[in-house]
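Thanks for coming, everyone. Let me put the structure up, and then I'll walk you through a few places in it.

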Amino acid sequence: MNNSRVEKSIFWPSLLLIVIATLLLVIFRETAGPVVSNMMTGITYRLDWAFEFLTIGLFIILLWLMVGRYGRVKLGDKHDVPEFSRFSWGGMLFTASMGTSIMFWSIVEPIYYYTWPPFGFEAESSAAAEYAVSYGLFHWGISAWALYALPAVVMAYSFYVKKNASLKISAACRGVLGKHADGFLGKTIDVLVIWSMIGGLGTSLGLGVPMVAAVLGNLIGVEQSLWLNIAIIVIWTFIFSFSAYFGLYKGIRKLSDYNVYMALGLALFVIIVGPTLFLLSYFTNSLGIMLDNFWMMSLYTDPIHQSGFPQAWTVFYWAWFAATAPFIGIFVARISKGRSIRELVFNVLLWGSLGSWLYFGVFGGYAMDLQLTGQLNLAQIQAEQGDTSVIVAVLNSLPMPVVVSIFFLILGFIFLATSLDSASYVIASVATKNLSENGEPARWHRLMWGILLSTLAISLTIAGGLSVVQTSSVLVAVPVLILYVLMTISLIKWLKQDESIHVYVKNETEGK
C-alpha cells in the first residue's frame, strides 16, 4: 500500500467544487436544470462537427499506433510483465467503462431508434427496424472505445515509460505543457478531470439506480420511491466498501471477474431461451449495416433536414464518452503495466466493442423481437410509462422471470459497485502526490471518496438534481477536446524522442 501524501492543491479545490456545486444544485434545482440543458443543446448543435472529427480522427491515430513501428513499444521496463491475466484485465477495463449503462441502453435504445429512426426513415418501418440495433452497435462500438483507448495509452506511457510519478492527465500532457504541467494550468486540468468523473458517475447513478429500483420494486411488490432509491445506494456503498478495503488486486479485480461471469451468463441464458435464430440473424444483419455505413454514421450531422437525430444521440454520446474518458484512461493505464501499445489499443477496441455488441445483439435483439412480433408493445410502454418499465416488461417476458430478475438485480448492484470502486480509486490516485508503479492510494483516501460520492448521490437523489450533474458533466467535454489534442501531441513527441531507448515486446502473446 502506497501511503503517499495527498496532493492538497488538487484535493481541496476538488472537494470544495463538489460540495459547493451540490449545494447550489440543491438550492437552485428548479432553475439549474433548464439552464444546463440549454447549454448542452447548444454544444451538441454547434460543435457536432468537432466531436465527430475528433472521434474518427482518434480511431485513425490508434490504427496507426497498432500497425506502425511504435506498436511493439512496451509500457514498462525490460523485465516488466503484465500484472493481470487477460481475462481479469479485459474484465476490469470493460466493467469500469460501461457500468450499468450497457444494461440499461442495450434494452431501451433500439426502441428509441425504431420510433425515431435516422436518415429520414419512417418511424416503425422495416428500415427503422433494420437500423434499430445497428445504431446501438455503432454508438457503443469501436468509436466509443477509441475515445477511451487514446488517454489510456498516453497515461500508461507517461506512468510506466516516462516514469512520471503520478496518475494525472496533467502529467500525460507534460510533453506539450512542460513545466506548466506542475503549475496552475496542470492543477486546473486535474480538478476538471475529477469533476468529469463525478458527472460520469452521476450518469451511471442516474441510469442504474432507477433501473435497479424498478426491478426490485417489481420483485417485492413495492412502488418505486425516493426511499427505495436511497436504500439501493446504501447497499451499493457497503458492497463497494468491502471491495475498496481490499484494493485493486484483491478487490476491484475479483469484483469485475464476478461481474463478467454473470454478464456472460445472463446473455447466454437469453440466447438459449429466446428466439435464438432470430437473435443470431438479426445481429449479423445489424453488424453488416453498421460496418457498411460506418463512415456515414461517423460524420452524419444532417444539416439539410435538421432532424436533430445525430446531435441528440451520436454527438451527445461522443461528448459523454469524451468527458469520462480521462477517468477510464487513468484506470486502464494503471492496470496495463507490461503490455505493448499495440496490445493495449487492440484489446480495448476489440474486447470493449465485442462486450457492447454482445449486449446490444442479445438484449436489443430480444426487445425488438418482442416489439416486431406483437408480444409486447414496448414502444407504447416506453412512451407512457418510461424506460425502466420497458426493462421490467422485457425481464418479465423471459422464462423464470423471478429468477432472471434476481440475477439481473445482483448484476446491476455489482456493476454499480465496480463503477464506484474504479471512480474512487482513480480520484484518489489523481489527488495523491506521488504513486509508485505497484503502489495504491491510501485505503482511507479511496474509502473517503467512495463514501463522499455515495453521500452526494443520496443528497442529489433527495433534491432531484442528479440529472443536472450528469448533464453538466458533458459540458466538461468541451475543454476535454483540447486535452485530446495535447495528449496526442505529447505521445507522438515522446515516442520520437525516446526512439533510441524503447523496449520492444517481441511476442505479443507473452505475459499472463
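**A walk through the chain**

K162 is partly exposed, at 28% relative accessibility. Partly exposed sits between buried, under 20% relative accessible area, and exposed, over 50%, with a 1.4 Å probe and protein chains only. Before I go on, some ground rules: this is a predicted model, where local features need pLDDT of at least 70, side-chain atom pairs count only at pLDDT 80 or more, and totals for chains, interfaces and linings use all residues. Residues are numbered from 1 along each chain as its sequence is written, and side-chain values use heavy atoms, with hydrogens and water left out.

Back to K162. Which residue does K162 form a salt bridge with? The partner is D498, and the closest N and O atoms are 3.2 Å apart. K162 lies in the loop between α7 and α8, and D498 in the segment after α21, so the pair ties together parts that are 336 residues apart in sequence. D498 counts as buried, at 7% relative accessibility. By salt bridge I mean a side-chain nitrogen of Lys or Arg within 4 Å of a carboxyl oxygen of Asp or Glu.

K163 is found in the loop between α7 (142-161) and α8 (169-172). Its phi is near 60°, a positive value in a residue other than glycine. Most residues other than glycine have a negative phi. M400 also has a positive phi, near 50°. M400 is found in the loop between α17 (387-396) and α18 (401-430).

How many salt bridges does the structure hold? Nine. R174 and D182 form one of them, at 2.9 Å from N to O. R174 is partly exposed, with a relative accessible area of 24%. D182 is partly exposed too, at 49%. R339 and E343 also meet in a salt bridge, at 3.1 Å. Both R339 and E343 are buried. Then there is a network of salt bridges linking E7, K168 and K187.

Now a charged residue without such a partner. E109 is buried yet has no salt bridge. The nearest side chain of opposite charge, R46, is 24 Å away. For charge, Lys and Arg count as positive and Asp and Glu as negative, while His and the chain ends are not counted. So what does the side chain of E109 make a polar contact with? One partner is the side chain of H139, at 3.5 Å. Another is the side chain of W140, at 3.1 Å. A polar contact is a pair of N or O atoms within 3.5 Å; within protein, one must be able to donate a hydrogen and the other to accept it, and residues adjacent in sequence count only if both atoms are side-chain atoms. E109 lies in helix α5, residues 101-115.

Helices first, then, for the whole chain. There are 21 helices and zero strands. These are DSSP runs numbered from the N terminus: helices are H or I with at least four residues, strands E with at least two. Of the 512 residues, 61% count as buried.

Last stop: L486, in helix α21, residues 477-497. L486 counts as buried, at 17% relative accessibility. Not counting residues up to four places away in sequence, L486 touches C173, V176 and L177. Contact means heavy atoms within 4.5 Å. L486 and L177 are 309 residues apart along the chain, with their C-alpha atoms separated by 8.1 Å.
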